[in-house]
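Walk through this structure with me.

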Amino acid sequence: MIKFCDSTLTTNISQSEIKTPQSEIFLSPNPTTGKFAISSNQFAIREIEIYNLLGEKVFDSPLTPKGGIAEISIENLPVGIYIVQASGKEKIFRSKIIKQ
């Protein structure tokens with residue numbers, strides 16, 4: 001139920017009923033100075049691709065994470081913002097990484 005009174009929104013929805021999307025891949029640390037760990041609790045990551053903001057692929061590697069976590073080095077890339085694409089058997093997810 002939503003009531004409008006003097007520009008104030010009142011609702012009967014409790015905070016526990018509000019669903020927030022969970023990230024499918026985790027990058028840490030972010031921002032990074034060169035190396036970061038990537039993991040997922042939703043699927044097994046089989047390949048990593050990294051793109052610059054122009055859409056150019058700057059990194060590509062098949063992956064066999066040990067213990068569900070893989071370490072990636074982007075030390076040879078210039079400072080900037082990159083898109084990390086993690087592919088699994090049937091899923092593809094993207095996240096942003098910042099290199100300082």
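Which residues of β7 lie on its covered face, and which on its uncovered one? A70 and I72 make up the covered face. I69, E71 and S73 make up the uncovered one. Before going further, note that this is a predicted model, in which local features need pLDDT of at least 70, side-chain atom pairs count only at pLDDT 80 or more, and totals for chains, interfaces and linings use all residues. Residues are numbered from 1 along each chain as its sequence is written, and side-chain values use heavy atoms, with hydrogens and water left out.

Now the overall layout. The chain has nine strands and zero helices. Here helices (H or I, at least four residues) and strands (E, at least two) are DSSP runs, numbered from the N terminus. Along the sequence the pattern reads β-β-β-β-β-β-β-β-β. Of the 100 residues, 28% count as buried. Buried means under 20% relative accessible area, exposed means over 50%, and partly exposed lies in between (1.4 Å probe, protein chains only). Contact means heavy atoms within 4.5 Å. Among contacts between residues at least 6 apart in sequence, 49% join residues at least 24 apart.

Back to β7 and its sheet. Strands of a sheet pair through backbone hydrogen bonds, either parallel or antiparallel. Three strands form an open sheet here, in the order β3-β4-β7, and the pairing is antiparallel. β3 (26-28) and β7 stand at the edges, each with a single partner strand, so one side of each has no neighbour in the sheet. From one strand to the next, the twist averages 25 degrees. Two strands count as paired if DSSP finds at least two bridges between them. β4 and β7 pair in the antiparallel sense over five bridges. Opposite K35 stands S73 in β7. Opposite I38 stands A70, also in β7.

I38 leads on to the core. In soluble globular proteins, nonpolar side chains tend to be buried together. A nonpolar core is a set of buried Ala, Val, Leu, Ile, Met, Phe, Trp, Tyr and Cys residues joined through side-chain atoms within 4.5 Å. The largest one in this model has 17 residues. Within that core, F36, I38, I45, I48, I50, I72 and V84 touch the most other members. At least two core residues come from each of β4 (35-39), β5 (47-51), β7 (69-73) and β8 (80-87). The largest share, three residues, comes from β8.

Turn next to β5 and its partner. β5 pairs with β6 (residues 57-62) in the antiparallel sense, over five bridges. The two strands form a hairpin with five residues between them. G55, in the turn, has a positive phi of about 85 degrees. Across the pair, the bridge partner of E49 is D60 in β6.

How many salt bridges are there? The count comes to two. A salt bridge is a side-chain nitrogen of Lys or Arg within 4 Å of a carboxyl oxygen of Asp or Glu. One joins the side chains of E49 and K57, at 3.4 Å from N to O. The other links D60 to K57, with the closest N and O atoms 3.5 Å apart. Through shared partners, E49, K57 and D60 form one network. E49 counts as buried, at 10% relative accessibility. K57 is partly exposed, at 43%. D60 is partly exposed too, at 41%.

Is Q85 buried or exposed? Q85 is buried, with a relative accessible area of 9%. Leaving aside neighbours within four places in sequence, Q85 is in contact with E47, I48, E49, Y51, I92, F93 and R94. The side chains of Q85 and R94 also make a polar contact at 2.9 Å. Such a contact is a pair of N or O atoms within 3.5 Å; within protein, one must be able to donate a hydrogen and the other to accept it, and residues adjacent in sequence count only if both atoms are side-chain atoms.

F93 is partly exposed, with a relative accessible area of 23%. Beyond its neighbours within four places in sequence, F93 is in contact with E24, I25, F43, V84, Q85 and A86. F93 and I48 are 45 residues apart along the chain, and their C-alpha atoms are separated by 9.9 Å.

How values were computed
Axes fitted to C-alpha atoms, helices over the stretch in contact; angles between N-to-C directions.
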